[in-house]
Amino acid sequence: YFSLSFSSSFIVSFFMMGMLDSIPFEEEEHYPMSVAEYNRFRSEETANALISLARSAKIIIGGNRVVGAFYGYAGTKFGHDAIDMVLNSAEVDFLASPFAYDTQRAPGTDWVLQGVLGSTRLNGKLWFTECDVRTHLSRPISIAMPHANPIGNTMYDGPIWYGPDSEEVSVDQMKKAFVKTMSMSGGMWWFDMWGGWFKTEKYMDTIKKSLELYQSQSGEKSVAEVAVVYDTYARGHHRKNASLEGFLQAISRTGVAFEQFALADMDKLDPDQYKTIVVLNTHTIVPTLAKWKNGNHSILYVSSAFEEPSDGRTCPCKDGKVHVGKGYQEYFFSDVPSSQMLREAFLTSGAHIYNFTDDIIYAYGKMVAIHAASDGEKRIFLPEKSNVTDAYSGEKMQPCDYFFDFSMKKGETKVFITDTIDH
């Protein structure tokens, strides 16, 4: 493949940015229209530049290689908002990004992927995760490659370049990175940034077993029952959006399997495939989701741009309001609700909950994995009565019909393969 990597500032006028930053509208809920229009222009021009570069790359290499770029960092980098343009282009075959750094990659937390991986798949493209997992062997470049250390640049010297203190914890972080990507139908590569990060027998064995697990699930499909749809343009219009990273952290602790989509692809989603749709951070009122208003779906709005229904009964609930309609229920939140409130909304729609103790769940095909947010006894509930095997150790678990129990330490990751038992 041929990968393009460039900053969104490639097309930005820093002078104009300085002018915009000096406008005293910090307390306003919405950006002035001139700023919103500029933010959109900047995003679209960045997308145009990327598409143009990809087109040129394909010409240079004869059109017989897939071409992609680091792009689609929704929520952190202005200029990555026009994801719909890139996904609709024939020139770009794949997108890539590392995990977000919102929790400093701490054990016991989810590693958020801010890209719209579901939309990438819907549009026939690939998503690759840069698994730059720090281990107990990771060191800053000034130590690992002093001859390549930029003079006067301390960016590559901070604590973020160090990993956990032990090999054991590092392996759990590696497993988490792998199953997170797999649960989102993505691809990945282990990024040993300047050498030696994975240079132990145990690390290499973990990578080998991860590959075998990935290959064993070939042909399996997503089991996500919650679709998270967010407006990538919204942050350029509305300065008080709910935190995308905060919401993805909250939903990761609800025990459901979910996928992430761009608002532009909402009409491509099949309500029969999902129990719940979450509409996150829109800058305009979302049209009535008529096709979701049957089959007991839950519809969640996490945004300041929504219109409460005038019919039926709307009641207060924790963190927001709920409207119960005929065959559906709508929830309205102006900011990120708690994982408990989200879980209750998902339960109302009949979505399967794998875990109720705020641990982080990843599920895809016949795989279900858990990353412990706390020490203690854990329970995983299965959608079907199944035999269960630890994917890495080969240990046979002892399910009690539709659930099984085990102990974990905070930061530990366990990965299981399920085999449905015929009734």
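This is a predicted model: local features need pLDDT of at least 70, side-chain atom pairs count only at pLDDT 80 or more; totals for chains, interfaces and linings use all residues.
**Entry 1: the contact between α8 and α9**

On the α8 side I found Phe247, Ala250 and Ile251, and they meet Ser339, Leu342 and Phe346 of α9. Sorted by class, this contact of α8 with α9 has five nonpolar residues, one polar residue and no charged residues.

I then turned to the geometry. Two packed helices are described by the angle between their axes and by the distance between the axes. For α8 and α9 (residues 339-349), the axes come within 8 Å and cross at roughly 60°. I noted the crossing of α8 and α9 as right-handed.

**Entry 2: Lys240**

Where does Lys240 lie? I located Lys240 in the loop between β6 (226-230) and α8 (244-252). Lys240 counts as partly exposed because its relative accessibility is 43%, and the range for that class runs between 20% and 50%. I also checked Lys240 against Ser334: they are 94 residues apart in sequence, and their C-alpha atoms are 9.6 Å apart in space.

**Entry 3: Lys175**

I placed Lys175 in helix α6, which covers residues 167-183. Is Lys175 buried or exposed? I recorded Lys175 as buried, yet without a salt bridge. The nearest side chain of opposite charge belongs to Asp172, 4.7 Å away. A salt bridge requires a side-chain nitrogen of Lys or Arg within 4 Å of a carboxyl oxygen of Asp or Glu, so Lys175 has none. Leaving aside residues up to four places away in sequence, I listed Thr206, Tyr392 and Thr413 as the residues that Lys175 touches.

Technical notes
Residues are numbered from 1 along each chain as its sequence is written. Side-chain values use heavy atoms; hydrogens and water are left out. Helices (H or I, at least four residues) and strands (E, at least two) are DSSP runs, numbered from the N terminus. Buried means under 20% relative accessible area, exposed over 50%, partly exposed in between (1.4 Å probe, protein chains only). Axes are lines fitted to C-alpha atoms, for helices over the stretch in contact, and angles run from 0 to 180 degrees between N-to-C directions. A crossing is left-handed if the near helix is turned anticlockwise from the far one by less than a right angle, and right-handed if clockwise. Contact means heavy atoms within 4.5 Å. Ala, Val, Leu, Ile, Met, Phe, Trp, Tyr, Cys and Pro count as nonpolar, Asp, Glu, Lys and Arg as charged, and the others, Gly among them, as polar. Lys and Arg count as positive and Asp and Glu as negative; His and the chain ends are not counted.
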